There are 2 protein chains.
Amino acid sequence: MKALVFDGSLHLEEINLPQPRQDEALIRVKLAGICNTDLEITKGYMDFSGVLGHEFVGVVDLCSDETLIGKRVVGEINVACGSCEYCMNGMKKHCSDLSVIGINNRDGCFAEFVVLPIDNLHLIPETVPDEEATFVEPLAAAYHVFESVWVKPSSMVLIIGDGKLGLLISMAASSLGIEHTMVGRHPERFAMLDSNVNTISSEGQPDLKSCYDIVIEATGNEQGMALALSAVKPAGTIVLKSTYSHIPNVDLSRVAVNELKIVGSRCGRFEDAIRFLEKKSVKPVQLIDRIFPFDNALEAFDYAPGHLKVLLRM
Amino acid sequence: MKALVFDGSLHLEEINLPQPRQDEALIRVKLAGICNTDLEITKGYMDFSGVLGHEFVGVVDLCSDETLIGKRVVGEINVACGSCEYCMNGMKKHCSDLSVIGINNRDGCFAEFVVLPIDNLHLIPETVPDEEATFVEPLAAAYHVFESVWVKPSSMVLIIGDGKLGLLISMAASSLGIEHTMVGRHPERFAMLDSNVNTISSEGQPDLKSCYDIVIEATGNEQGMALALSAVKPAGTIVLKSTYSHIPNVDLSRVAVNELKIVGSRCGRFEDAIRFLEKKSVKPVQLIDRIFPFDNALEAFDYAPGHLKVLLRM
């Protein structure tokens with residue numbers, strides 16, 4: 001099958017069709033999304049080698065559970081051992097022997113087929129088109145912010161960063177009825193947010209000094225974190241959603257003196273993302289900038305940096 | 001009166017006796033403790049100018065509430081406005097118009113007399129000697145760790161740093177029945193801890209990889225924070241107790257990916273520290289390295305770095 005492989009360099013190549021085990025399914029990939037993590041991996045992040053990609057929708061092609069064959073599915077990206085302390089405590093994503101498709105020690109979905117454990121699959125309702133279904137994984141991560149921190153009716157909430165993740169978090173917040181402010185560098189993107197969102201262009205160097213109970217840092221850069229630290233109230237919470245390509249300087253004295261909380265937040269529940277997509281409470285398709293045929297995957301990777309969502313159609 | 005003043009340089013000088021307002025008390029200082037924060041201030045931290053010092057025990061000399069005169073007291077160090085959002089919500093230490101004795105915009109206790117609001121004072125029981133009473137402020141900060149994070153019976157707890165604060169936190173933990181491990185550079189100090197404490201010398205470069213649910217960082221240096229990040233389990237919590245003289249590099253990607261929590265924790269409730277001292281559940285006097293007469297305060301400041309608690313007797 002055709003696959004987009006990274007092994008120090010990025011290239012399309014013909015590789016063997018993967019063989020699912022008894023508890024796994026072979027899925028024919030229909031549409032897949034390029035994530036910033038994929039771009040980081042091509043710069044060396046995670047030291048990953050293999051088939052890239054972790055956001056996709058596809059159709060089950062081969063599976064020991066025959067009722068699944070032909071069904072349209074998305075797949076959770078973390079493949080856990082099922083038997084360690086974390087797996088036994090319902091924290092599979094922190095499994096001590098974790099692999100993650102397209103990120104850590106397991107082939108991903110930028111290929112004609114991908115293999116995943118049956119337990120990782122979620123059926124996609126007919127009313128959710130492929131383009132929306134590819135957003136289930138990042139949208140689940142966006143909803144997970146609000147599993148990580150308690151937003152009260154009185155909470156002043158700020159989202160920093162109007163990249164894909166920041167925009168999805170804003171959409172998720174709006175679907176949950178959470179009032180919030182978005183600060184970002186691309187005011188032209190604000191139009192896709194709910195009209196109730198208070199938007200601020202970061203170009204104007206806004207004074208956000210200690211105004212917010214909860215600050216969601218979705219930029220992944222040192223300036224974003226510094227802004228978060230200055231924008232959060234004493235005893236407030238910063239939610240970290242991003243990985244950082246460099247190890248940033250962080251004013252920890254401020255964290256101690258102002259008794260701040262910093263809360264890391266990663267992957268979320270696919271069930272929630274699918275339910276909100278089905279209810280049409282979120283419309284992430286607005287984030288799609290361009291869809292490339294899979295044969296043009298290298299061109300898509302060149303195009304993706306600085307753009308919103310780029311998809312690959314297999 | 002005689003006072004130890006920092007105004008760019010540190011010196012003993014004769015200054016006017018401070019005059020208490022109607023809601024304040026004038027306290028004759030008996031014994032005072034030198035804290036690392038005092039040493040940092042003499043290097044420029046907080047840009048403070050005035051009488052240094054915030055750990056003390058004394059006797060009320062002048063006060064509108066005559067029942068207090070002659071009583072032995074300690075004093076909370078944060079002087080709040082009483083009317084801002086934080087004060088109204090019971091968060092006086094985060095008052096937006098805060099002053100802090102000997103630290104921020106208010107004269108401290110390294111003097112023959114100090115003035116504090118009556119509301120800041122706590123009576124010291126007769127069974128608690130002066131030497132122990134000077135530990136109320138740092139001991140309250142130590143107990144506050146366990147107000148900041150929920151320690152469960154199953155929690156694996158690590159304290160990093162065997163300086164004064166780390167040792168007090170260990171003593172506080174033991175008095176609360178909290179099993180824990182202490183890692184530090186001074187194994188000779190471990191003898192003063194409860195015999196149930198698991199102690200590890202950091203000289204041996206111990207492998208603490210992802211073993212602990214709760215890590216209490218009490219070193220205030222970048223290496224301590226790096227050790228905390230490697231020692232904490234996925235989804236675990238790091239409690240930050242220290243200020244940092246330099247802004248450290250922090251691996252925030254690890255915080256996001258492992259969904260860690262970082263919780264800043266500063267001053268605590270004097271009531272708790274006094275109660276545990278009265279019950280003899282903690283014995284901080286072991287931490288006293290040396291007591292200097294106030295006239296030798298400059299010598300005491302030269303001596304203090306690298307030593308445990310140094311006191312000044314007025």
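I take helices as DSSP runs of H or I, at least four residues, numbered from the N terminus. The model I am reading is predicted.

**Entry 1, B:Leu277.** I looked up B:Leu277 and found it in helix α8 of chain B, residues 270-278. Its relative accessible area is 0%, so I log B:Leu277 as buried. Beyond four places in sequence, B:Leu277 touches B:Val128, B:Glu132, B:Val136, B:Leu139, B:Val282 and B:Pro284.

A:Glu24 sits in strand β3 of chain A, residues 24-34. I read 7% relative accessibility, under the 20% limit, so A:Glu24 is buried. Its side chain makes a polar contact of 3.0 Å with the side chain of A:Arg106. Other residues that A:Glu24 touches include A:Leu62, A:Cys63 and A:Pro117.

I count six aromatic pairs over all chains. In one, A:Tyr143 and A:Phe276 have ring centres 4.5 Å apart and planes at 15 degrees, so I call the pair stacked. It joins helix α4 to helix α8 of chain A, across 133 residues. A:Tyr143 is buried at 5%, and A:Phe276 is buried at 8%. Next I looked at A:Phe292 and A:Tyr303: centres 5.6 Å apart, planes at 55 degrees, hence tilted. A:Phe292 belongs to strand β18 and A:Tyr303 to helix α9, 11 residues apart. A:Phe292 is buried at 2%, whereas A:Tyr303 is partly exposed at 22%.

A:Lys152 lies over the face of A:Trp150, 4.7 Å from the ring centre. In chain B, the charged end of B:Arg290 sits over the ring of B:Tyr303, 4.9 Å from its centre.

Definitions and conventions
Residues are numbered from 1 along each chain as its sequence is written. Chains are lettered from A and ligands numbered from 1 in the order in which they are written. This is a predicted model: local features need pLDDT of at least 70, side-chain atom pairs count only at pLDDT 80 or more; totals for chains, interfaces and linings use all residues. Side-chain values use heavy atoms; hydrogens and water are left out. Helices (H or I, at least four residues) and strands (E, at least two) are DSSP runs, numbered from the N terminus. Buried means under 20% relative accessible area, exposed over 50%, partly exposed in between (1.4 Å probe, protein chains only). A polar contact is a pair of N or O atoms within 3.5 Å; within protein, one must be able to donate a hydrogen and the other to accept it, and residues adjacent in sequence count only if both atoms are side-chain atoms. Contact means heavy atoms within 4.5 Å. Rings of Phe, Tyr and Trp (its six-membered ring) pair if their centres lie within 6.5 Å; planes under 30 degrees apart count as stacked, over 60 as edge-to-face and the rest as tilted. A charge sits over a ring if NZ of Lys or CZ of Arg is within 6 Å of the ring centre and within 35 degrees of the ring normal.
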